[in-house]
Amino acid sequence: SAQSTGTITWLTRGRALVRCDDQEREARLSPELASTQQTSLAVGDEVMLWEQGDGDPVVVEVHERKSQLVRRDPGNEHRHRVLAANVDLVVLVLAADRTRTGLIDRLLVALNDSGAELAVCINKCDLPFDREELERALRPHSQSGLPIANVSATRGDQLEELEALVRTRTVAFVGHSGVGKSTLLNCLDPADEERATSAVRQHDGKGRHT
């Protein structure tokens, strides 16, 4: 058997996709890691693989993280679930017409001493919204130096502001369903097969799981 290293790009129960030298490989998790998967592994983790002859390689070790984004486990307040590892920047995406600025404070607390920085992207600035109210709600954060980019992913407005924030960095995009995260990612990093997107629901403006 032989060893190799790679980066977790996708996780499901007991299995992962691991990028090794620009190639993604499917791997099994060792029993020890699988039993604690929600805290021991996350997308972005650097891991060691054991090659198993003709079978799938096995993830056997997780390297030390330089940063992590976590949230409290709803089933156990003393335990945290790791959402992403080894990111430089977390971009919170908010919709201009439905801005929930309380998420900014929650993420600032969550990222305190995490090793990752926070930026905010206000998307859908092409839609009607109360600009004065939004500026007033964001003023404490903008005055504190928090980077804030105002964009429209569908029209391409001001995307260079967001590109400048994320360029050369490892980034996690977070935010409620329907704020345009996948559309933004398609603009910033067009894939061979673009990430699927859906319009928000007409009756309440909320996003659809896509």
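Trainee: How many positive and negative side chains does the chain have, and how far apart do the centres of the two sets lie?

Mentor: For the count, Lys and Arg are positive and Asp and Glu negative, leaving out His and the chain ends; each charge is placed at NZ of Lys, CZ of Arg, CG of Asp or CD of Glu. Here that gives 26 positive and 33 negative side chains, with the two centres 7 Å apart. Keep in mind that this is a predicted model, where local features need pLDDT of at least 70, side-chain atom pairs count only at pLDDT 80 or more, and totals for chains, interfaces and linings use all residues. Residues are numbered from 1 along each chain as its sequence is written, and side-chain values use heavy atoms, without hydrogens and water.

Trainee: What does the secondary structure come to?

Mentor: Helices (H or I, at least four residues) and strands (E, at least two) are DSSP runs numbered from the N terminus. This chain has six helices and 11 strands.

Trainee: And what share of the residues is buried?

Mentor: Buried means under 20% relative accessible area, exposed over 50%, and partly exposed in between (1.4 Å probe, protein chains only). Of the 210 residues in the chain, 35% are buried.

Trainee: Which phi does D21 have, and where is D21 found?

Mentor: D21 isn't a glycine, yet its phi is positive, about 50°. Look in the loop between β2 (15-20) and β3 (23-29); D21 is exposed there, at 78% relative accessible area.

Trainee: What about D113?

Mentor: D113, also not a glycine, has a positive phi near 60°. You'll find D113 in the loop between α3 (102-111) and β9 (117-123), exposed at 75% relative accessibility.
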